[in-house]
Amino acid sequence: MAKELYIDLSRCQGHARCWAIAPETFGIDDEGYAYVIEGREGSYDEENVRKAIRNCPERSILIRETEESQ
C-alpha cells in the first residue's frame, strides 16, 4: 500500500504552519489555505511532514493509505 498526503479543506483555517515547517511539500493558495504541492502527495520529507501534522491546530493534514503504488 502507498501513502497519500492530503489536506482536509473543511478543517483548514489558513494558519500556514505547514508551509512554514515544510515549504517543499505545502503551498498556500490565494485565499490563504494550504495545499499539497502537486507531485508531493506520495513523496515527501517524512520528518518535516510529521512535524507539520503535529503543529496544525485544526488537524487538517492527513495521510491515507491507497491501493495504488506511487
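## Getting started

Two residues are in contact when they have heavy atoms within 4.5 Å of each other. Helices here are DSSP runs of H or I with at least four residues, strands are DSSP runs of E with at least two, and both are numbered from the N terminus.

What you have above is a predicted model, in which local features need pLDDT of at least 70 and side-chain atom pairs count only at pLDDT 80 or more, while totals for chains, interfaces and linings use all residues. Residues are numbered from 1 along each chain as its sequence is written, and side-chain values use heavy atoms, with hydrogens and water left out.

Let's start with α2, which runs over 46–55. Its buried residues are Asn48, Val49, Ala52 and Ile53 (buried means under 20% relative accessible area, exposed means over 50%, and partly exposed is in between, using a 1.4 Å probe and protein chains only). They cover an arc of only 140 degrees around the axis, so they sit on the same side of α2. That arc is taken from the directions from the helix axis to the C-beta atoms. An α-helix has 3.6 residues a turn, so residues three or four places apart point the same way.

What do the buried residues of α2 pack against? They pack against β1, α1 (17–21), β2 (26–28) and β4. Over on the other side of α2, Glu47 and Arg54 are exposed.

## The nonpolar core

How many residues does the largest nonpolar core have? It has 14, and Leu5, Ile7, Cys18, Phe26, Val49 and Ile61 are those with the most contacts inside it. (A nonpolar core is a set of buried Ala, Val, Leu, Ile, Met, Phe, Trp, Tyr and Cys residues joined through side-chain atoms within 4.5 Å.) β1 (2–7), β3 (34–36) and α2 each supply at least two residues of this core, and α2 gives the most, with three.

Take a look at Leu5. Not counting residues up to four places away in sequence, Leu5 touches Thr25, Phe26, Val36, Arg40, Glu41, Tyr44, Val49, Ile61, Leu62 and Ile63.

## Charged pairs

Side chains of opposite charge can pair when their charged atoms come close. In a salt bridge, a side-chain nitrogen of Lys or Arg is within 4 Å of a carboxyl oxygen of Asp or Glu, and this structure holds three of them. One joins the side chains of Glu4 and Arg64, at 3.0 Å from N to O. Glu4 lies in strand β1 and Arg64 in strand β4, so this pair ties together parts that are 60 residues apart in sequence. Arg64 is partly exposed, with a relative accessible area of 37%. Arg64 also lies over the face of Tyr6, at 3.8 Å from the ring centre (the rule for a charge over a ring asks for NZ of Lys or CZ of Arg within 6 Å of the ring centre and within 35 degrees of the ring normal).

Another salt bridge links Arg50 and Glu46, again with N to O given as 3.0 Å. These two are four residues apart in helix α2, so about one helical turn separates them. Arg50 is partly exposed at 34%, and Glu46 is partly exposed at 37%. Then there's Arg11 with Asp8, whose closest N and O atoms are 3.4 Å apart; Arg11 is partly exposed at 36%.

## Loops worth a look

Ser60 lies in the loop between α2 and β4 (61–66). Is Ser60 buried or exposed? With 3% relative accessibility, it counts as buried. Leaving out residues up to four places away in sequence, Ser60 touches Tyr6, Ile7, Asp8, Arg11 and Cys12.

Arg59 is found in the loop between α2 and β4 too, and its phi is near 55 degrees, a positive value in a residue other than glycine. Arg59 is partly exposed, at 47%. Ala16, in the loop between β1 and α1, has a positive phi as well, near 65 degrees, and is partly exposed at 22%.

## Thr66 in strand β4

Finally, find Thr66 in strand β4. Thr66 is buried, with a relative accessible area of 15%. Apart from its neighbours within four places in sequence, Thr66 is in contact with Met1, Ala2 and Glu4. Thr66 and Trp19 are 47 residues apart in sequence, and their C-alpha atoms are 24 Å apart in space.
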